[in-house]
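Trainee: Could you take me through the charged pairs in this one? I'd like to start with what counts as a pair.

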Amino acid sequence: MTSREDAPAIDKMEAKLSKASRALNASPIQEISHLAQRCGAINLAEGFPDFPAPPHVKHAAVAAIAADLNQYRHVQGICDLLAVKMKQNHVLDFDPLTDFVICCGQSEAFAATILATIDQGDEVLIFDPAYETYESCIILAGGIPVYVPLDPPYWTLNVDKFMRSFTGRTKAVVLNRSFYSPHNPTGKVFSKEELEVIAAACCQMDCLAITDESTLPIPFLLWCLQILQLGGFYDGYCWRIGWACAPTAIASAIRNIHIKVTDSAPAPFQEAALAALQSPPEYFSSLKADYVAKRNFLIKMLSEVGFQVHNKPQGSVFIFAELPKTCLLSDVSELSPATFPFIDFVKELIEKAGVAAVPGRGFFHGDCNDQTQQSRYVRFAFCKSNDTLSAADQKMRSCVGK
């Protein structure tokens, strides 16, 4: 416990912090996960699987460790295979020797991409609600996040709001784009018509489009970041392997930043990522069917206990559900002055039902969305074992008496 005598020293140390670091807040998702762990609650907050990784992927990692592939390393086979898939799936030609950068997961690849393209004062458009990493990386690069609200309950693109968001300082647009890599937290997949509007605007305004894009034609699977007309990266499981793809000049800049920050992604896990990419089609078909079943199970449970699921996720591992209409709880309470606002419902869900979810309010930004409406959403992850989902189902029903 800190004494009063220590306070001046702490204030002095905080004064040494950079403006960028002071602009960042604690992650609501991480804080809720820690609370769930302390309370012994089932964690449907974070989107990590709690079931085993595929045997062939684990075997590849173990074999690499046994072969002492544990030094700084670049597995060119990943880039070779990605170049083939980019050609097959997107009709895009990239040089596997120069246009791909293997990074330490989605977060580092996104950060390196932003640092390679965004200067002080550049504005970056983000569709709201939005994943928290986007804003943080833009702020660290000195950029200015500008939020474009999607229209609920189906989170459709409002073309007028989107076009009015562009200024002479707009440098890039960030979105979860494709038919295979949906929007976080809503699970929305942008329609072809919406994508055509975004692409045309980026061309007209001479802006980059940085998008989450899966290089495999399988919903409910793996994350990838693509810079539209420039390239993209891919991240699978929680093994912290991702990559960026771009024309040589931009890929080189991303690579330089990656090397200065982390130097190399873990060598054994690169081998595991290669094995995952080489999985037979039957594996992906089975995985897709399993995730569809998990999604449908959780939607059914949430609907039966009173939640409104307007937008059935077409991908991703999240359900963005609206609180029951009879729920009058607000989002104004706090765990402590040092933390962030929690939605009362999420607190009660953890403490009374033993199930953790993420308050949707943390995904909204600024005053661009209706404040009351923002407080009505909760995000649940369904990338969990059937046993975990069944246990959460029992706890939720017991808590609400259904």
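Mentor: A salt bridge here is a side-chain nitrogen of Lys or Arg within 4 Å of a carboxyl oxygen of Asp or Glu. This is a predicted model, in which local features need pLDDT of at least 70 and side-chain atom pairs count only at pLDDT 80 or more, while totals for chains, interfaces and linings use all residues. Residues are numbered from 1 along each chain as its sequence is written, and side-chain values use heavy atoms, with hydrogens and water left out.

Trainee: How many salt bridges does the structure hold?

Mentor: It holds 11, and Lys300, Glu304, Asp393 and Arg397 are linked in a network of them.

Trainee: Which residue does Asp122 pair with?

Mentor: Asp122 pairs with Lys171, the closest N and O atoms being 3.2 Å apart. Asp122 sits in the loop between helix H6 (105-117) and strand E3 (123-128), and Lys171 in strand E5 (residues 170-176), so the pair ties together parts 49 residues apart in sequence; helices (H or I, at least four residues) and strands (E, at least two) are DSSP runs, numbered from the N terminus.

Trainee: And is Asp122 buried or exposed?

Mentor: Buried, at 14% relative accessibility, whereas Lys171 is partly exposed at 28%; buried means under 20% relative accessible area, exposed over 50%, and partly exposed in between, with a 1.4 Å probe and protein chains only.

Trainee: New topic: what separates Glu348 and Lys352 in helix H13?

Mentor: About one helical turn, as they are 4 residues apart in that helix (residues 344-353), and their side chains meet in a salt bridge at 3.8 Å, N to O. Glu348 is partly exposed at 32%, and Lys352 is exposed at 62%.
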